[in-house]
Amino acid sequence: MRRPASRLRHDLFMAEDVMTMTERLAAWGRGAHALALLNAVNDRGWTTFLSEPRDLAAVAAFSGLPPERTGDVLYALVEHGVAEETDGRFRLAPAYAAALSDDAFVDLGAVIAYDALIARQVEDVVRTGTAPLREGDALTVALAVGLRPNPAAAAVVARLFEPLPEMWSAMRSGRLLDVGSGIGGFVMTAATLLPELRATTLELEPEVAAVAAERARALGVDDRIDVRTMDARDFDEASAFDAANWAQPFFPESTRSATLAMIWRSLRPGGLMMIQEMESEPADLTQRPAFTLRRLVARARDMPFARPIADLVAEAAVAGFEPVRQVDSDFGQLALVRRPAS
């Protein structure tokens, strides 16, 4: 007995839907597999070892894997464009080597580890509704989002302040309060550009603040940068600062009003605070799936996510700040607000 044409059409559409979803899952899987590969080789030091050309035997001796498994990993790296082979010797591809070098303004290895962390936290949210940070996670995040204080970072920071000359002027010979400083990439870089800048940084996580303090010593600016390990809400130095930078995306909803009140008290009358949007709703529809996963994790941790700059300015206004200017920069939306002069 022949099946009705309507049923055949239905089955055909079902088959097409299954094929589309299968292709999509395969693409997701390829991305997850590639991330796992990159995270593992970076974590185990392969990327550093492959900064120089190495033959298979040398890489196998370094990795501790059998030669055949080592070869499989190496050829997977080659196919993903991470490494290249010439006359039986392997080394990092130039673009990847440049991104991993100390001259890069971000730590690409930390970015890879951070992406793996987000993947784990997505699972945590689905399973438990929460996305807690485990030991070492705070440092992973700080390293991934923080600048390395080097010439490339100096160019980035100088470019960041082009549309906010008042903030740059206030920092040039004044005191800066860096709230939620992380590893101090921003303030350390600014200190190398502004030799008279003095700053106090506030960072909650001891392991993160320790990296910031070590960086200040290594750069020779520890006499001008006071690294504090503390809850920002507890800081008490009234009317002492000319400018403040607030890393607002990393402050949970429950802490924000008290943190803003502290910054207001800490600034001198007329003192300036810079706010950066940092993440915004993507206009490109292809970026929305990844955006929704980052939002999922942030909200599970009580963090604001992609709050528009106008909302951030309004939040500051509730704390007593008055707006100065909003600008659209190469680094997203920025806002300058100030404590009223009187």
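**Entry 1: the sheet**

I began with a bridge pair: Asp-178 has Asn-245 in β7 as its bridge partner. The model is predicted, so I noted that local features need pLDDT of at least 70, side-chain atom pairs count only at pLDDT 80 or more, and totals for chains, interfaces and linings use all residues. Residues are numbered from 1 along each chain as its sequence is written, and side-chain values use heavy atoms, with hydrogens and water left out.

Helices (H or I, at least four residues) and strands (E, at least two) are DSSP runs, numbered from the N terminus. Two strands pair if DSSP finds at least two bridges between them. β4 and β7 run parallel and are joined by four bridges.

I then traced the sheet. Seven strands form an open sheet, ordered β6-β5-β4-β7-β8-β10-β9, with mixed pairing. β6 (225-229) and β9 (322-329) are at the edges with a single partner strand each, so one side of each has no neighbour in the sheet. From one strand to the next, the twist averages 15 degrees.

**Entry 2: helices on the sheet**

I looked up α10 next. α10 packs on the sheet and touches β4, β5 (198-203), β6 and β7. Contact means heavy atoms within 4.5 Å. The direction of α10 makes about 160 degrees with that of β4. Angles run from 0 to 180 degrees between N-to-C directions, and axes are lines fitted to C-alpha atoms, for helices over the stretch in contact. Helix α12 (residues 253-266) lies across β4, β5, β7 and β8, at about 135 degrees to β8.

**Entry 3: α8 against α10**

At what angle do α8 and α10 pack? The angle is about 90 degrees, and their axes are 9 Å apart. That makes α8 roughly perpendicular to α10 (65 to 115 degrees counts as such). α8 brings Ala-153, Ala-154, Val-157 and Ala-158 to the contact, and α10 brings Phe-186, Thr-189 and Leu-193.

**Entry 4: the buried side of α9**

Which residues of α9 are buried? In this helix (residues 165-172), they are Met-167, Trp-168, Ala-170 and Met-171. Buried means under 20% relative accessible area (1.4 Å probe, protein chains only). They cover an arc of only 160 degrees around the axis, which puts them on the same side of α9. The buried residues of α9 pack against several elements, including α8 (151-160), α10 (185-193) and β10 (332-338).

**Entry 5: a hairpin**

Last, I checked β2 and β3. They form a hairpin with two residues between them. Asp-87 in the turn has a positive phi of about 55 degrees.

How values were computed. Buried means under 20% relative accessible area, exposed over 50%, partly exposed in between (1.4 Å probe, protein chains only). The arc is that of the directions from the helix axis to the C-beta atoms. Angles under 35 degrees count as roughly parallel, over 145 as roughly antiparallel, 65 to 115 as roughly perpendicular and the rest as oblique.
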